[in-house]
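Please consult the sequence and the model alongside them.

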Amino acid sequence: MLQRVLFSFLLLVSIFSFAQNKGTLKGVIKDKSTGETLPGATIQLLHNLSKGTASDIEGNYTLELDSGSHVVLFGFVGLKSDTVEVTIFPNQTTNHDVMLKPMAKMLETIVVSSGKFEQKLEELTVSMEVIKPDLIHNKNSTSIESALEQAPGLSIIDNDPQIRGGSGFTFGVGSRVAIVVDGIPLLSGDAGRPEWSYIPIENIEQVEIIKGASSVLYGSSALNGVINVRTAYPRSKPKTIINYSLGQYSIPDKPAQSWYNGSIPGFTNLNFLHSRVVKNNLDLVIGGNLNADQGYIGPPPPAKYIPSDVKNALKVTDTIPTFTNDDMMKLRGRVNFNLRYRFKKIVGLNAGINGNFMASKGNMVLAWMDDSTGIYRGYPGAVFMQNQTLFNVDPFIKYNPGKGVSHSLVTRIFHSDNYISNNQSNRGTMYYGEYQLQRDFKNIDLVFTGGLVGNISSSFAKLYASSGTPNNKIVNASGFIQLDKKMWDVLNVSGGVRYEYFKMNNLQSVVAPIFRAGASLQVLKGTWVRASYGQGYRYPTITERYITTKAGIFGVFPNPDLQPEQSKSFEMGLKQGFRLFGVKGFLDVAGFYQKYKNTIEYLFGAWDPEIAIIGFKFVNTGDSRVRGIDCSLGLTSDEAKKIGIQAMIGYTYIEPVSLTPDSVYARDKSLGGIGQDLSYKSASMDTTDNILKYRFKHMFKADAELKIYGFTVGFSYRYYSRMQNIDRAFESLEVLTSESPYFYPIKATRYWKMHHGFEILDLRIGCKLSPSHKVSFIVNNLLNAAYSLRPMKIEAPRTVSLQYVYTIN
């Protein structure tokens with residue numbers, strides 16, 4: 001009995017003594033630049049990063065520590081971390097408030113796309129470009145692709161994104177670049193096509209562009225890279241932004257091209273955004289867009305009369321509609337919202353729902369009237385009217401219980417309904433879900449990321465009936481794991497694997513493992529070198545395999561035997577940071593090598609006269625390779641200063657070649673139906689060095705903006721070298737239409753041969769009248785250049801617009 005009493009006494013004494021050696025550190029964490037409190041900021045012991053806590057929804061933190069001296073690390077996403085030495089006394093509370101400073105814009109930019117967790121830009125093992133919202137807004141972008149076009153190594157050809165020449169022109173179908181918003185795919189389920197105007201440009205935190213195969217983390221469509229649009233949640237202070245602009249298209253230089261009939265086509269755009277925190281734990285964002293645009297492409301002339309017997313012989317059985325200027329008007333309305341609830345009683349738990357809705361009226365122009373007087377008009381039968389309705393709802397729940405563990409479940413229902421003339425209407429729904437587990441082993445500097453993904457896309461469209469039914473479905477399931485390890489504070493290594501499953505309709509299922517690895521080493525204070533290897537795998541979309549449609553002489557043909565394409569990507573790069581005369585910046589140089597198997601190309605030819613005389617078809621063309629050099633230069637100065645500069649400059653050189661130029665990949669039905677074998681050499685206009693079709697070997701881009709007190713002056717410059725190779729079938733099309741009295745002559749190759757590159761210059765001038773009011777004058781295509789980025793489609797002439805931005809913050 002005495003032993004038990006003595007043991008209990010000693011236990012109480014030890015507990016009391018242990019408690020006597022404890023103290024409390026508490027305070028509030030704020031953003032020094034705005035004074036806003038920071039919920040979710042991290043507080044960690046520097047010598048034991050597993051010991052720590054996070055600030056609550058009001059920025060307050062409490063951390064119990066042993067008595068004595070400690071070095072505490074305070075951090076928050078996008079702000080510069082701070083270390084503080086504190087002394088803790090037994091049974092006492094030590095108060096310490098922290099003000100975290102903003103990071104520099106370039107070398108300390110925080111991104112999440114590469115590893116799906118927060119990383120510094122310079123420590124990545126892959127090439128990435130980051131576009132800030134200022135560039136999007138200052139260029140008066142009414143749709144995000146006009147700002148993305150300034151990113152080095154990225155080009156957008158008629159809605160189709162290309163990174164480092166990894167794909168040719170595909171009219172946006174079957175994108176090799178994954179378009180994601182907050183990490184969730186936003187490509188249409190049936191066609192894999194981006195809807196640029198659907199992305200909420202009024203509420204963007206930043207855009208992260210990964211160059212190179214990224215299928216391990218982002219799946220099939222990320223064969224050549226990823227464009228991840230990160231939206232913004234509110235800070236502690238409410239914010240309201242109204243952005244209104246109006247402008248007009250300039251009359252093209254050649255008077256004969258004026259279809260305007262004495263009027264000048266114009267456009268107007270309104271963006272609005274309101275964000276706030278309600279009762280300290282409900283984040284609310286509401287935004288939207290209204291847009292009206294007459295456009296710069298005029299309606300086609302009425303089609304020529306074709307006798308019935310000739311129609312039957314040529315299989316031109318449809319009636320080609322006649323359109324007016326009013327029909328060519330584009331109208332768009334969109335509204336979006338973000339809701340996130342942060343639970344007070346369960347620290348680290350938040351749930352919410354995001355949504356977006358858009359209704360629009362527009363048109364798609366497949367081909368111009370001709371390459372001279374009709375360059376700004378559509379060809380009869382190659383213009384389609386479209387009424388589109390899109391919406392998505394994204395329920396999610398995320399839980400971060402601490403100790404470096406986080407759980408995430410994100411879902412999306414994305415529905416599209418497209419009414420398109422010439423019996424091309426379609427509707428489809430995509431169901432997406434992803435569970436992700438992440439564990440940050442801070443004591444060994446290792447981050448584990450694993451996830452399970454499910455994606456079901458269903459479509460109803462008569463133009464996909466060649467599958468045997470207008471109802472089509474594709475199922476994709478996958479799992480992925482990635483490990484990111486930091487060693488000796490200078491070396492970052494990363495590796496991952498993904499296992500994909502695909503099944504389309506009743507076809508045999510396909511499975512594919514995909515791997516990636518990379519490393520980044522800091523060799524000097526501002527110098528990083530990196531190397532990476534990644535595999536890509538892209539399964540064909542419903543559209544690529546089964547689309548069957550026609551309009552006049554043009555058609556799009558099915559290919560049910562289309563096979564998945566695969567890629568291997570290698571890269572070595574150097575990133576050098578510097579500071580000169582108060583300006584921070586970086587120079588990034590990368591050499592890359594990409595090899596493709598079963599390359600899918602969108603080829604123009606005489607495929608099946610029973611459907612249409614001529615048109616496009618998706619075809620596996622064999623193996624190919626793209627290698628080259630990619631250079632980027634970024635400059636930024638302190639935003640707080642009255643005089644400053646921001647700049648982004650890039651040059652990309654590629655060698656895109658066919659590795660199987662003599663291999664026969666298809667047989668068409670030209671020559672009166674007799675047909676001929678098709679290979680790279682027989683189907684190409686220029687086979688010099690076996691260069692692939694629809695690529696630019698050289699691209700140079702620059703954007704710079706100078707701030708002087710309340711005034712800003714900026715310019716953008718883009719250079720595209722000559723597109724060396726296109727389809728030989730364009731020559732056949734010219735012969736066919738020029739010799740027939742029933743069609744207007746189509747001209748495509750002469751324009752292609754005459755132009756050896758294009759230069760486009762944009763200019764903008766802004767004045768901040770007060771903290772809440774700003775006006776800007778923007779001129780795009782200042783020199784009114786007539787330029788074309790793909791055959792038979794002219795780009796916009798000069799536009800002049802006036803922008804007014806009202807901000808309450």
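Q: Is Arg164 buried or exposed?
A: This is a predicted model, in which local features need pLDDT of at least 70, side-chain atom pairs count only at pLDDT 80 or more, and totals for chains, interfaces and linings use all residues. Residues are numbered from 1 along each chain as its sequence is written, and side-chain values use heavy atoms, with hydrogens and water left out. Buried means under 20% relative accessible area, exposed over 50%, and partly exposed in between (1.4 Å probe, protein chains only). Because its relative accessibility is 2%, Arg164 counts as buried.

Q: Which residue meets Arg164 in a salt bridge?
A: A salt bridge is a side-chain nitrogen of Lys or Arg within 4 Å of a carboxyl oxygen of Asp or Glu. For Arg164 the N to O distance is 3.0 Å, and the partner is Glu571.

Q: How many residues apart are Arg164 and Glu571?
A: Helices (H or I, at least four residues) and strands (E, at least two) are DSSP runs, numbered from the N terminus. Arg164 lies in the loop between strand E13 (160-163) and strand E14 (177-181), whereas Glu571 belongs to strand E33 (residues 565-580). The pair thus links distant parts of the chain, with a separation of 407 residues.

Q: Is Glu571 buried or exposed?
A: The relative accessibility of Glu571 is 5%. Glu571 therefore counts as buried.

Q: Which parts of the chain does the salt bridge between Asp371 and Arg750 tie together?
A: The side chains of Asp371 and Arg750 meet at 2.8 Å, N to O. The two residues are 379 residues apart in sequence, so the parts tied together are the loop between strand E22 (349-365) and strand E23 (383-402), which holds Asp371, and, for Arg750, helix H9 (residues 749-754).

Q: Which residues do salt bridges that share partners join into one network?
A: Arg164 and Glu571 both belong to this network.
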